[in-house]
Amino acid sequence: MNDVCAAVPEAVRFVKYLELNLASLAPVRKAVATFGAENDHLDVLMNSVGIMAQLPARTKDGFEI
């Protein structure tokens, strides 16, 4: 986010950071509620995540990680 705002200073008014933990549906629901309370639409969604060399596992909700 800081890089975007440094490159395009007027983006500070529009770019928002919203933490989202995809390992459980509860934080996803919370993030959706937070976003919906503060915004009326979404133009762009950028995800940044990485996981490597992990043993097979499942989330609390039973989804494969």
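Predicted model: local features only at pLDDT ≥ 70, side-chain atom pairs only at ≥ 80, totals over all residues.
Residues are numbered from 1 along each chain as its sequence is written. Local features need pLDDT of at least 70, side-chain atom pairs count only at pLDDT 80 or more, and totals for chains, interfaces and linings use all residues.

The protein contains two helices and zero strands (DSSP runs, H or I of at least four residues for helices, E of at least two for strands, numbered from the N terminus). Its radius of gyration is 15 Å, whereas a compact globule of 65 residues would have a value near 11 Å (taken over C-alpha atoms; the globule rule is 2.2 Å times the number of residues to the power 0.38). Along the principal axes, the C-alpha atoms fill a box of roughly 45 × 30 × 15 Å.

Buried residues (under 20% relative accessible area, 1.4 Å probe, protein chains only) make up 8% of the 65 residues. Contacts are heavy atoms within 4.5 Å. Of those between residues at least 6 apart in sequence, 17% join residues at least 24 apart.

The largest pocket holds about 1,400 Å³ of space. A pocket is an open set of points on a 1 Å grid over the protein atoms alone, where a 1.4 Å probe fits, with protein on both sides within 12 Å along at least five of seven lines; lining residues have an atom within 4 Å of a point. The volume is the space filled by probe spheres set on the points, which are joined across faces, edges and corners. The lining comprises 38 residues, with K16, L18, L45, M46 and N47 nearest the centre. Helix α2 (residues 25–38) gives the most, with seven residues.

Methods: Heavy atoms only, no water. Buried < 20%, exposed > 50% of the residue type's maximum accessible area, 1.4 Å probe, protein only.
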